[in-house]
Amino acid sequence: MLSAQQLETYITQNLACDYIKVLGDDGTHFEAVIVSPEFVGKTMVKQHQLVYAALGDRMRAEIHALSMKTLTPEAWQKINNNG
Amino acid sequence: MDTQALIKQQVTSNPVVLYMKGTPKFPQCGFSNLATQILKACNVDYLAIDVLADQNIREGIKAYANWPTIPQLYINGEFVGGSDIMRAMYESGELQTLLNATN
């Protein structure tokens, strides 16, 4: 069964991430927070497409649902400073 | 008509189109349900297309926008996003602005 930890590994292998946290323990439904410098200057659609591309065929075959929040390092820092 | 041409026709001849699993009355997936709830809250008329009813559309829509998941929202022929993006844009008010421009 696919674990949240494995999913983190799959994503970070193909996408440079400053921070990543994937949650989900049923093997098919996951929630992720992903911070990557690659997201800078891109629309949310493009940001999510980068994550999907990093997962490749796994997105079709193994993962039923991946809910994600994508953030640039700058946006991530702002959230942390306010938190 | 091939599937890609059919999808193009659907999204360009209707101002707001939601590709979803199930129907707005009986959504078959939590994410599709969320998408219908958001559109309902925006008080907008839209065309809902049940991808579970047509295998060609179900696979074809993933290629159309290079987006591997469902639901998918289109406004004025443009791909807007899946349920995460719909939620973020709803919360920021951006979605309502975009929808108002279709009236």
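Okay, quick bit of bookkeeping to start: two strands pair if DSSP finds at least two bridges between them, and strands (E, at least two residues) and helices (H or I, at least four) are DSSP runs, numbered from the N terminus. What you have on screen is a predicted model, where local features need pLDDT of at least 70, side-chain atom pairs count only at pLDDT 80 or more, and totals for chains, interfaces and linings use all residues. Residues are numbered from 1 along each chain as its sequence is written, with chains lettered from A and ligands numbered from 1 in the order in which they are written.

So, chain B and its sheet. What stands opposite Leu73(B) in β4(B)? That's Gly81(B). Strand β3 of chain B, residues 72–75, pairs with β4(B) in the antiparallel sense, over three bridges. Zoom out and you get four strands in an open, mixed sheet, ordered β2-β1-β3-β4 in chain B. β2 (47–50) and β4 (78–81) of chain B each have a single partner strand, so they sit at the edges with one side lacking a neighbour in the sheet. From one strand to the next, the twist averages 25° (axes are lines fitted to C-alpha atoms, and angles run from 0 to 180 degrees between N-to-C directions).

Over to chain A. Here we've got four helices and three strands, running α-β-β-α-α-β-α from the N terminus. The C-alpha trace spans about 35 × 25 × 20 Å along its principal axes. And of chain A's 83 residues, 24% count as buried, meaning 20 or more other C-beta atoms, placed from the backbone, lie within 10 Å of a residue's own.

Conventions
A residue is buried if 20 or more other C-beta atoms lie within 10 Å of its own, exposed if 12 or fewer, and partly exposed in between; C-beta atoms are placed from the backbone.
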